[in-house]
Amino acid sequence: MLTKTYITAVDSKFEELLLAPLSVALEYRNRGVGSKLVLESFDLAKKLGYKAVFVVGDPAYYGRFGFKSITLFGIKHDPPIPDPYVMAYELTPGALSDVTGTCNFYL
């Protein structure tokens, strides 16, 4: 599932998408189902005109798709979640280079 999310600063609001953490039934795990879901979400987000996707999850899993900690992009999360677990993936290289602010995925 993808839902709209925002990075907000004093004078700006940047809209992007949040990927819900994946869940695959035990009998279908290790068959590429989760990977296919992530890659399909990237394709859908691009078709919809978005430039980045965010996720809260396991860095070991999502990192293999190119997700990186939002702190590397200068973005904060409030309320705080440990840095490695809040990640972003740029669908367009450099999409987050001029984005600053705070995201809150619970609003």
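## The model

This is a predicted model: local features need pLDDT of at least 70, side-chain atom pairs count only at pLDDT 80 or more, and totals for chains, interfaces and linings use all residues. Residues are numbered from 1 along each chain as its sequence is written, and side-chain values use heavy atoms, without hydrogens and water.

## The sheet

Seven strands form an open, mixed sheet in the order E4-E6-E3-E2-E1-E7-E5. Strands (E, at least two residues) and helices (H or I, at least four) are DSSP runs, numbered from the N terminus. Two strands pair if DSSP finds at least two bridges between them.

E4 (68-69) and E5 (75-77) stand at the edges with a single partner strand each, so one side of each has no neighbour in the sheet. E4 runs antiparallel to E6 (residues 86-90), joined by two bridges. Lys68 stands opposite Ala88 in E6.

## The helix and its salt bridge

Helix H1 (residues 33-47) packs on the sheet and touches E1, E2, E3 and E6. Contact means heavy atoms within 4.5 Å.

The model has one salt bridge (a side-chain nitrogen of Lys or Arg within 4 Å of a carboxyl oxygen of Asp or Glu). Lys36 forms it with Glu40, with the closest N and O atoms 3.3 Å apart. Both residues lie in H1, four residues apart, about one turn of the helix.

Tyr28 lies in the loop between E2 and H1. Tyr28 counts as partly exposed because its relative accessibility is 44%. Buried means under 20% relative accessible area, exposed over 50%, and partly exposed in between (1.4 Å probe, protein chains only).

Methods: Axes fitted to C-alpha atoms, helices over the stretch in contact; angles between N-to-C directions.
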